[in-house]
Amino acid sequence: MSETTASNFLRTIIETDLKEGKHNAIVTRFPPEPNGYLHIGHAKAICINFGLAQDFQGQTNLRFDDTNPEKEEQAYIDAIKEDIEWLGFEWAGEVKYTSDYFDTLYDWAVHLIKNGDAYVCDLNAEQIREYRGSLTEPGINSPFRERSVDENLALFEKMKAGDLDEGSCSLRAKIDMASPNVNMRDPIIYRIRKVTHHQTGDKWKIYPAYDFAHGQGDALEGVTHSLCSLEFEDHRPLYEWYLAHLPVPSTPRQIEFARMNVNYTVTSKRKLKKLVDDGVVSGWDDPRMPTISGMRRRGFTPASIVSFVHSTGISRAVGTTVDLGMLDAAVRDDLNEHAPRAMAVLQPLKVVLANLSEDFEQTITQPAHPQQPEMGERSIPLTREIFIDQDDFNEDSSLSKKKFKRLVPGDYVRLRGGFIIKAESFTKDDQGNIVEIQATAVEGSIGNNVEGAKPRGVIQWVSAKYGVKATIRSYDRLFSHPTPDKGDSDFMQHINPNSLTIIEQCIVEPSLATAEPEASYQFEREGYFVVDRFDSKPGALVFNKTIGLRDTWERSV
């Protein structure tokens, strides 16, 4: 699953570094924050970091950036690990945490203080923002910037011991308040946070800022190429400043690439969490969510996601938006090749083949996949009473074959793999709904054409006696606008009210009675569906619609 087919600037840099002897082996890392589920944008970062390391026989570390324990949960850690493994990648050695290095990071903060490169500042968060200046105006030095080394050491020790209140002070790097890069204007290194940490318990009352912890974690792990999205480009000078001012065992190189933006999607964790918290979706793994867990539950395959990521390429171009249809096409292509076929009737309409005996039964054999003979065959019982889809019958017998290639009174269709049948009459209920069709089966037509009984088309069917009931969840795009969170737009106003349709009392062929969770199928003429990995049970099957057989979105909006 590595990215081996196309050259890109990251590959060129790595090849050059190896050729020039800068590194003997490549080490990358994937450093997610455990404050939410991974989404499609993370899939790109995973493919880049793990894929490039694989291509150059290197390794990738999984390191959780757990520097903000208030928003972090073990459930997120478990989900992230599961997502990476499901995509087909392996991290090197044990899972790592930034908290593994808290002792070292504290010692290095002391090192900065002793060298006059850090100080304890009593300005609050709002005052720090005011003193920082703007993109056009320099910042102003904190009145606490010239504290002595001894005073800073003493105050920092009090911060660590929990003797000072949250928000009363912070440890800041002493760099340059007039720097044109605002990230270099005495950034915060440590904040007081008196919260329990999911890995370290109550040991720490202070926690390092991401910018301080990130590069040092890279250096401690021997990361050679710290690959991240372009939003961190302005942070690179700070990344390099810390490495230059600390006794780090190695010097990683930060390189940025353009993040992947996909239309009809939001990937902000804050916004995704709002969708969950407000009950718009059932959870982080709702099949409408752009999370990896959500896509997995919807039936997207690892191969399709990786193929999609690779098709978007790697560059530094900003502002490029990828069409969600490319992801749809990737999963459609993958499932077309690998998903076995089955018949399902989503809106059952009973058909009685009146010229067959009451106890008529015949087993029809059909390939599991018409282009994959190695997948074997499936047996389908044909009985006197069957179900077809309501949309496959029209009471208007005057409809031309060209306009309607399904069943009408007085004409013929072929049951997939079975008889040619002719509709003779139909029955309606008191509300005028057609509830049953009386038809005849053309003798000798199974597997054969019969003169004088040319079928209009072929329709799917399921035995009324042996068919299995199922619930089908049909999904569409969660947002009806291509850029739901652009500018000041309230993304919640663009929720697609038709993103989920639940269809009860569907009937599927009996071979699916024992379908395993996450098994995917092509329901003939309907689309691709997957057995829900959590809700589906024997006797209470639940299928999620992954994607239709063709792209109908553009024609429907």
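1. Strand 14 (residues 348-353) and strand 17 pair in the antiparallel sense, over 5 bridges. Strands are DSSP runs of E, at least two residues long, numbered from the N terminus, while helices are runs of H or I of at least four residues. Two strands pair if DSSP finds at least two bridges between them. Within this pairing, Val 352 stands opposite Glu 385 of strand 17.

2. The model is predicted: local features need pLDDT of at least 70, side-chain atom pairs count only at pLDDT 80 or more, and totals for chains, interfaces and linings use all residues. Residues are numbered from 1 along each chain as its sequence is written, and side-chain values use heavy atoms, with hydrogens and water left out.

3. Strand 17 also runs antiparallel to strand 22 (residues 462-463), joined by 2 bridges. Ile 386 has Ser 463 as its bridge partner in strand 22.

4. Why is strand 17 (residues 385-389) described as largely enclosed by the rest of the structure? Because 4 of its 5 residues are buried, where buried means under 20% relative accessible area (1.4 Å probe, protein chains only).

5. The whole structure holds 2 cavities of 30 Å³ or more. A cavity is a set of points, on a 1 Å grid over the protein atoms alone, where a 1.4 Å probe fits but cannot get out; lining residues have an atom within 4 Å of a point. Grid points are joined across faces, edges and corners, and a volume is the space filled by probe spheres set on the points.

6. The largest cavity has a volume of about 60 Å³. Its lining includes Tyr 210, Asp 211 and His 214. Helix 7 (residues 210-220) gives the most to this lining, with 3 residues.

Conventions. Buried means under 20% relative accessible area, exposed over 50%, partly exposed in between (1.4 Å probe, protein chains only). On a 1 Å grid over the protein atoms alone, a cavity is a set of points where a 1.4 Å probe fits but cannot get out, and a pocket is an open set with protein on both sides within 12 Å along at least five of seven lines; lining residues have an atom within 4 Å of a point.
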